[in-house]
Amino acid sequence: MSALGEDATLDDDVVTEILLRLPCTSVLRSRAVCKAWHRITTDPSFLAAHAERRPAELLVVSREPESEWAYQDRVDTIPLSLRADDGPVGCQRELYYPEHCDVHLLVGCCYGLLLFLLHRFPPGQCCSYFFVCNPVTRQGTWLDLMPPACRGNLRVLCGFYRHGPSGEHRFLVLANEPQSPNSLMTNMDLFTGSAAHYVFNFAAATVSSEAPRRLGPVPGNVVVNPYGSENQVPSHLYHRGKLHWTTHHQATSMGKILAFDTLSEEFRLISCPEWPRGQYSYLHDLCLMELHGRLAITTTLLCGEFMEVWVLENYDDDRSWSHRFRIQLPPPFCVRWTMGTGIPNVILVGGYMEKLAAVYHLTDKWSVEKIGFINSNTSARHFLFKESLAPHPFFDPY
C-alpha cells in the first residue's frame, strides 16, 4: 500500500465524522487549523449533530474551601457512569458561569444552556430577573420575563424548553393580570384579576420592542399565590414534546398532573394513579420521570427497602396507570427525587438534603445492580447537561 503524498487531503465527510467525536473544547480549537475545518465546525447542521452526540452528565454544585472560613462554590458535571470506587476526582468537570450568578439559584438547564435566577443585579440591569448562558462558549444574556401588561403583579417561570420545529429556546411564564377597573377589589386581591400563560423567546425576553405571546387565561380562577415566592420555579419533566408538572399552580389546584404541548401550545390535565392516600400528602411529594419511553411517577415519602414506581401505559388514557416496578433500595436510603436518564436501565435518585445522589443500574428484576455516591461536599441538581456549541444571536461574552 503506497503512502499518502504530501498534497493528500481528507474528504470533508471523513473530517466531519472525526470532528463530531471530539469534545467541545477540541472542536473550538480545531477552528483555527484551516478554513475548511472552520467552515465545517461552524455549519448549523454540524453543530446540531455534534450536540446530539454529546453524553448527558449530571449537574452538581461543589464547595471548595478557599481559607479557614471562606468557600468557593462551583458548577460541575459528573458522568452518569460514575461508580462508588471512582470518587469525584477525575470525574468532575467544571462549568464556567458569570460571577454575578449564584450557583444555588440554578433553576433550569436546556440543550447546553444554564438558567439562573438572580437576586442581585449589576448597574443598569435592575429590571432583569434571570440570566441564561452557555458555559462552553462563555456567552449569555439577561432575561426580563415579566409580560409588559403585568408589570407590578406576580409571575412565575413555569418552563424552559426548546421548540422542536424552530429550534428556539422558549420560556413559559404564568403571570397575574390586572383586574378590570370596574371590578371590586379587596386587600386579598393585591390588584390581580386572573392569571394567564405567556410564551417568551430570546427576542421577547431581551428586546423591549417585541412582546411575548399570550396563550390565554388559566381556568378555575387560578392565580400566582401572593404569599409565595414569585420567582419559585416549579420542577417539570419534558416528555413526548410536552412539559409535565405536579407543582404548577393549575396542577395543585386540580389535584392532577398538568401537561403542556410545546407544539400545539395546549394544556391537558392527567389524573394521578389511584395510590393508597397514606403514601403521599400533596402533589409536591410526587416525582415525575420518563422510564422506557413512558411517563412514570413515584413518591419521595417512601423511606424503606423499596421504591414504588407507577407507569402510564397508554399516554392518552388517564386510567392506564399500572403499578409496574418495586425497586429495591440499599438501606438506609430516603428518596427525595428521581429522574430518568434516557439510558436503558439507568435512573438517578437523590437523597434528602441533596448531599448524595445515586446512579442506579437496574437488572431485569428492577433491583439495584450498581450504585455510585457523590461526596458530602457536593450537592446534586436534578438536571442533565449536554454540551452545545450552537450560537445564539442575543448572547454576549462574559
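Q: Why is S16 described as mostly covered?
A: Five of the six residues of S16 are buried, where buried means under 20% relative accessible area, exposed means over 50% and partly exposed lies in between, with a 1.4 Å probe and protein chains only. The model is predicted, so local features need pLDDT of at least 70 and side-chain atom pairs pLDDT 80 or more, while totals for chains, interfaces and linings use all residues. Residues are numbered from 1 along each chain as its sequence is written, and side-chain values use heavy atoms, with hydrogens and water left out.

Q: How do you know that S16 and S17 are paired, and in which sense do they run?
A: Two strands pair if DSSP finds at least two bridges between them. S16 and S17 (residues 294-299) are joined by six bridges and run antiparallel, so they meet that definition. One of the bridges sets Leu288 against Ile297 in S17. Two residues separate the strands of this hairpin, and His292 has a positive phi near 55° there.

Q: What makes the phi values of Tyr111 and Arg240 worth noting?
A: Most residues other than glycine have a negative phi. Tyr111 has a positive phi near 45°, and Arg240 has a positive phi near 55°. Tyr111 belongs to the loop between S4 (106-110) and S5 (113-117), whereas Arg240 belongs to the loop between S12 (237-239) and S13 (242-245).

Q: Why are Tyr111 and Arg240 called partly exposed?
A: The relative accessibility of Tyr111 is 43%, so Tyr111 counts as partly exposed. Arg240, at 48%, therefore counts as partly exposed as well.

Q: What makes Arg162 a charge over the ring of Tyr111?
A: A charge sits over a ring if NZ of Lys or CZ of Arg is within 6 Å of the ring centre and within 35 degrees of the ring normal. Arg162 lies over the face of Tyr111, 3.8 Å from the ring centre. Likewise, the charged end of Arg155 sits over the ring of Tyr129, at 4.7 Å from its centre.

Q: How many aromatic pairs does a search of the whole structure find?
A: The search finds eight. Among them, Phe131 and Trp142 have ring centres 5.0 Å apart and planes at 80°. Phe131 lies in S6 (residues 130-134) and Trp142 in S7 (residues 139-143), eleven residues apart. Both Phe131 and Trp142 are buried.

Q: Why is the pair of Phe131 and Trp142 called edge-to-face?
A: Rings of Phe, Tyr and Trp (its six-membered ring) pair if their centres lie within 6.5 Å; planes under 30 degrees apart count as stacked, over 60 as edge-to-face and the rest as tilted. The values of 5.0 Å and 80° therefore make Phe131 and Trp142 an edge-to-face pair. Ring pairs also link Phe160, Phe171, Phe202 and Phe395 into a cluster.

Q: How do you know that the side chain of Asn176 makes a polar contact, and with what?
A: The side chain of Asn176 reaches the backbone nitrogen of Val224 at 2.8 Å. A polar contact is a pair of N or O atoms within 3.5 Å; within protein, one must be able to donate a hydrogen and the other to accept it, and residues adjacent in sequence count only if both atoms are side-chain atoms. Asn176 lies in S9 (residues 169-176) and, at 1% relative accessibility, counts as buried.

Q: Is His197 buried or exposed, and what does it touch?
A: His197, in S10 (residues 195-200), has 2% relative accessibility and so counts as buried. Not counting residues up to four places away in sequence, its contacts (heavy atoms within 4.5 Å) include Leu172, Arg213, His248 and Phe267.

Q: Why is Pro273 called buried, and where does it lie?
A: Pro273 has a relative accessible area of 6%, and is therefore buried. Pro273 lies in the loop between S15 (267-270) and S16 (286-291). Its C-alpha is 7.3 Å from that of Trp310, although the two are 37 residues apart in sequence.

Q: What describes the protein chain as a whole?
A: The chain has six helices and 25 strands, and 47% of its 398 residues are buried.

Notes:
Helix = DSSP H or I, 4+ residues; strand = E, 2+ residues; numbered from the N terminus.
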